Structure formats: structure tokens, C-alpha cells
Amino acid sequence: MPLTVDIIKRLQGFTLNVSLTAEAGVTALLGASGSGKSMTLRCIAGVEKPDEGRIVLDGRVLYDSGEKIDLPPQERRVGYLFQRYALFPNMTVLQNIDAGLSRELDARIRQAKRESLISRFRLDGLEQRYPRELSGGQMQRVALCRMLAGEPEAILLDEPFAALDSHLRWQLEGEVKQTLNEFSGVALLVSHDRGEVYRMSQRVCVLNDGASEPVLGTTELFDHPRTLQAALITGCKNCVPAEILSQGKIHVPDWNARLACSQAADGAITHTGIRAHYILPCAAEVENALYCRVVEAADDVFSRVLTLLPAGGTGTIRVELSRAAGERFIPGSEGWFCLPKEHIMLLRETHER
Amino acid sequence: MQEIWDILKTLDYSPLWISLKTGLVATVLCFFLGIWAARRVMRMGKRAKAFADGLLTLPMVLPPTVAGFFLLLIFSLRRPIGSFLYQELSIKVVQTWLGCILAASVIAFPLMYRNARAAFEQVDIELIYAGRTLGMSERAIFWRVVLPSAGPGVVSGTILTFARALGEYGATSMLAGNIAGKTGTISQRIAMVIQNGDYLTAGLWVIIILLISFGIVVLMNFFADSKMKNIKKW
């Protein structure tokens, strides 16, 4: 049961232009803040209206500007998990769940559903509490429970962990992941956190200044981003302009380097990138070894981050080593560093749609 | 002291009841109309909103006698609408209790409307979105989500409306007049006995209206405080 979205919405400062198809399972919308991720979800849920386009869920047209179809959110059967959960503060847990059962009119079925939901989300004993009396984890469970009570055909999760600290985050991520695994329809997860996206989704659509890139498998995107924007959003720290010399050979002016690469290049390549943790100290004769001076060295929580300036180059390279391996590098020291050719990514600056 | 007691015993209390009744009915009217108007204005475009808001707020900033003037223009028996209402429907506004209610409602309405609108605009839009995606009807969302969230603002608006309607003088005196036992409110009675030089009776009425009004405001503060427990002081 796929969800097809093809919409344009003009907003102040930028235009949202999203085109994606999400199959059952978790598809992530990854983008920097302000790239239009939440607005996309709102258009799908029907609480915001696109300027033009079409949204189809499992053959059901939710929105079509041409045919003047615009189902109200009440009839779309699309669940929405809000960033701060948006539990109704004046209602108890039970009443909040009941709000999710608004479409169910038969009182007996309602009662049965209510009971099974409460035990499924481990909310027994909390029924009469108000949202303000719940912990963060309990609030999330109520929100998930309320969203799924109406048996939506697709669910949308808007940065569900953005407001949490890292300790609680892991715990809640596990719960949401389990819920998502049990859900048979389309789930869209909005996030700006690449780790979250990598752990939770099977497919990713990168959103960049309101424009969507083609949907890719999550591991494929992280291993082989195709555009500069995708490389940056997936956390690549070293992205510089590059030109193709011949198949398997590129020139990087910023680093004053000619590098071998294993990825096949097409003509449109404008940049190259390599992730900071793939770069290692090495001997002089190794392939793709650059002689660099350490400009800066700083300790991160579990790693040592070096900023290198290649000999004759103008742009720096960021390297992340383990604490032990990085110890001997201090600002001013020099040495050979290897950029393994299998990790050199070839990127395009802009994407065609 | 004995003198005061004697006056209190023989005092004509009709102004108290007329004022309370007027205040109550006007408040109920303003409550629904104010909420309705607030919703309507919130949905308007920018320009229409500024215009409608200005119009609805006017009775609050104009002298009440100006409102009284317009009300007379409409409802006077010598005017088309007033004479039509009287002749066709036997509804008489001028010099009647209905006039009291109308005058008090018009003057107090902006307080309800403005407070309700301010309270509604504070409601987290995500709560409304949540209600919609959960399949709640717009009506259910309004009564079960928006109104409770906007509760403190709506309640304080209602109380202020009541207090204002209770003490209305200018427009009431023009439209309804001061007929003892019929349209004679407390504020009109005070003005009347002062003109007769009866400062003692006037003072007693002043004390009565002071106690009621002060009590209302204190009540409102208690209510607002208990509702805002989790908001930090600054």
C-alpha cells in the first residue's frame, strides 16, 4: 500500500516541491531544519493545504488540485505523532485515547479496543492520570497509542525524539521502533538526525531547501550518497570541489591532490567527499597518501579530531581517529595520511528531478 | 448606626435585583456572541480582521452615551426599526428591561470578545491539528480541546463582562431610562439619590456595588491563579 506524494507549496522564502513514493515500512525524510520536512507531513495529514499536486494513499486520492479533491484530515486515516506529542492537557490518558477512537461509534467495540490498546502500550494504572503527571516515556506511549487507536493506514512521525536528552532517547527509540515494526502500513519519519534515520528507516528521501531527492535505501544513501547535499546531511565532513581526470582518477585542487577512486564516474561530478573516520595515518608509499600538517587537534568524547592541511593545498581535511591513535598528533606535527580509494565519494552539486 | 440600619431595612432593593438580572442575562448573551465573534474574526483575512476587530471593540472605547445614541437611533419608536418591532412583534426596547439588557450587552460585549479571542489565539495549534488527524469533528475539537485550553482567558472575560454589565450607566440611562422597579439599576439609583442630596443612601448603594465588584475581581484572581499553577513567576 504505497503513499505517493507529489506536491508544490509556496511558502515565504522558499518553495516546497516534494515528490516521493513510500512503500510499506519506514521511510525517513531527512533534511536540515527549515527544509520543509514538517510541512510535507502536514500536507499529507491534511492540516495544511498544498498549492498544487496530488497525494494518493493506497489508491485513495487524499488531495488532487486538478480534480479539486481535498479530503479533510478527519477522513484521511493518516496518523500523526507530534514532536511534543500534543496530548490534550485537559483530558486524562483514557480520554486522550478515546479521542483517537472518535471514528468508532459502537460503544462495545470501542471498549474492547480501548482495553487492548491500554495493555499493548503498558498504560495500565495510568488511565486516570493527566499528561502533566506522566514521564516523557509514558507521554510518548500515550501519543503512540492514541495515534494508532484510529487504525490509520499511514503514520507520520515528526521528529519524535528531538526534545529528549540522549539517555532517554535510546530507550524511547526502541519503543517507537518496535511499534513501527508492528505497523503494516506506510510510516514516514521526519528527522534531521542522521543516526536516528540510519537506525530506524529502511528508505530515505533527502529534502534540501524544500526540494526532494529520489528515495534511496538507507544503507545505500549512507554508503554512496550521490549529491553534495546528501553527503553533507548524512554527516560527511570533507566535501570539496573535484574534477574527473580519467576513469578512476580525480583532481582535487583544494587539497592539491590527484586521487584514485573506485567508484565509476559519470560526467556530472562536481565534488568529492570522504568521511572523517575513514582517513588514517599511513606510510609514504601508500596509494592516495597525502603529506599533511596538523593545524588543529581537539578531543571529542571518544575520538581525537584533527584538522589537516595537505602540502600545497588550500582546503583543510577533517580526520577522526581513536584517542589512542590520535594522541601523537599535535598542532604543527606532520605526517602521511591515506584517503582509501574505496571510500572516496563522487558527488553532484545539484540534483536533477 | 441606627439610622443606617433603618435605611437598610426600608431600602427599595429593586435596583440590586434589576442590576444582577441584567448583568446575568447580558453575560450569557455576550458569552456566546463573544465566542462566536472571536472565532469568526480569527478566521478572517488580515484586512477584514482589522476592520471587524475595530468595529467590535468600538463600544469599549467610545463613551457609553455614544452607544446609547446609536441604540436610540435604531430602537426609538419614532424610527423605522423600532416602530416595526413594536407594531408587528410588540417588542419594545426603549424604556423597558429589554433596553437595560441590550445596552449592557453592547457595552460589555467587547470585553468578552477580546478576552476570548486572546485566549483562543494562545491555544497550541498542534492540539487542534492532533484533534483533526484523530478524526474528531470540528465541533468536538472546539468544545473539548480549544475551550478547555483557553479556559482561564474565557472565564476572566466572562467575569469582566458580568462586572461591566452590572455597572453600566450611560447607554442604559439613554435607552432604558430610570423607571423604579423596572429599569432602575444600581448605578442609575446612585445618580438619582445624589441629585436629591441623599448622600447616605447613595453611599450605601456605593458600598453594595463596591463589595460585589471587588468580590468578582478577587474571585477571578483566585481562579486564574489556580489554573496557572505551572507557569513560572517573573
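Tutor: **The contact between the chains**

In this predicted model, 19 residues of chain A are in contact with 14 residues of chain B; two residues are in contact if their C-beta atoms, placed from the backbone, lie within 7 Å. Because the model is predicted, local features need pLDDT of at least 70 and side-chain atom pairs count only at pLDDT 80 or more, whereas totals for chains, interfaces and linings use all residues. Residues are numbered from 1 along each chain as its sequence is written, with chains lettered from A and ligands numbered from 1 in the order in which they are written.

On the side of chain A that touches chain B, the elements giving two or more residues are β7 and α2 of chain A. Helices (H or I, at least four residues) and strands (E, at least two) are here DSSP runs, numbered from the N terminus. The most is given by β7(A), with three residues. By class, this side of chain A has 10 nonpolar, six polar and three charged residues, where Ala, Val, Leu, Ile, Met, Phe, Trp, Tyr, Cys and Pro count as nonpolar, Asp, Glu, Lys and Arg as charged, and the others, Gly among them, as polar.

A:Tyr80 shows the contact at the level of one residue. Apart from its neighbours within four places in sequence, A:Tyr80 is in contact with A:Leu41, A:Ala45, A:Met147 and A:Leu156 in chain A, and with B:Tyr129, B:Ala130 and B:Thr133 in chain B. A:Tyr80 is also among the residues that touch the most other members of the largest nonpolar core, which has 138 residues; the others are A:Leu81, A:Leu156, A:Leu188, B:Ala103, B:Ala108 and B:Leu175. Such a core is a set of buried Ala, Val, Leu, Ile, Met, Phe, Trp, Tyr and Cys residues joined through C-beta atoms within 7 Å. A residue is buried if 20 or more other C-beta atoms lie within 10 Å of its own, exposed if 12 or fewer, and partly exposed in between, with C-beta atoms placed from the backbone. Helix α6 (residues 97-122) of chain B gives the most to this core, with 15 residues. Domain 1 (3-226) and domain 2 (238-347) of chain A both give residues to the core, so the core lies between them. The domain bounds come from an automatic or database domain assignment, and the centres of the two domains, taken over C-alpha atoms, are 39 Å apart.

The loop that runs between β7 (78-81) and α2 (93-100) of chain A holds A:Ala86. A:Ala86 has a positive phi of about 50° although it is not a glycine, and it counts as buried because it has 25 C-beta neighbours inside 10 Å. A:Glu151, in the loop between α4 (136-149) and β8 (154-158) of chain A, likewise has a positive phi of about 50° without being a glycine. With 13 C-beta neighbours inside 10 Å, however, A:Glu151 counts as partly exposed.

The account now turns to domain 2. Strand β17 (residues 271-274) of chain A pairs with strand β13 (residues 238-241) in the antiparallel sense over four bridges; two strands pair if DSSP finds at least two bridges between them. In this pairing A:Pro241 stands opposite A:His271. Three bridges join β17(A) to strand β23 (residues 345-347), also antiparallel, and there A:Gly273 stands opposite A:Met345. A:His271 and A:Gly273 point one way from β17(A), A:Thr272 and A:Ile274 the other way, and all are buried.

An open antiparallel sheet of five strands has the order β18-β22-β19-β20-β21 in chain A. Its edges are β18 (280-281) and β21 (317-322), each with a single partner strand, so one side of each is left without a neighbour in the sheet. Within the sheet, β19 (residues 289-299) is joined to β22 (residues 334-338) by five bridges, with A:Ala289 opposite A:Cys338. Seven bridges join β19(A) to β20 (residues 303-310), where A:Ala297 stands opposite A:Leu306, and these two strands form a hairpin with three residues between them. β20(A) in turn pairs with β21(A) over six bridges, and A:Leu308 has A:Ile317 as its bridge partner.

Chain A as a whole has nine helices and 23 strands, and buried residues make up 40% of its 353 residues.
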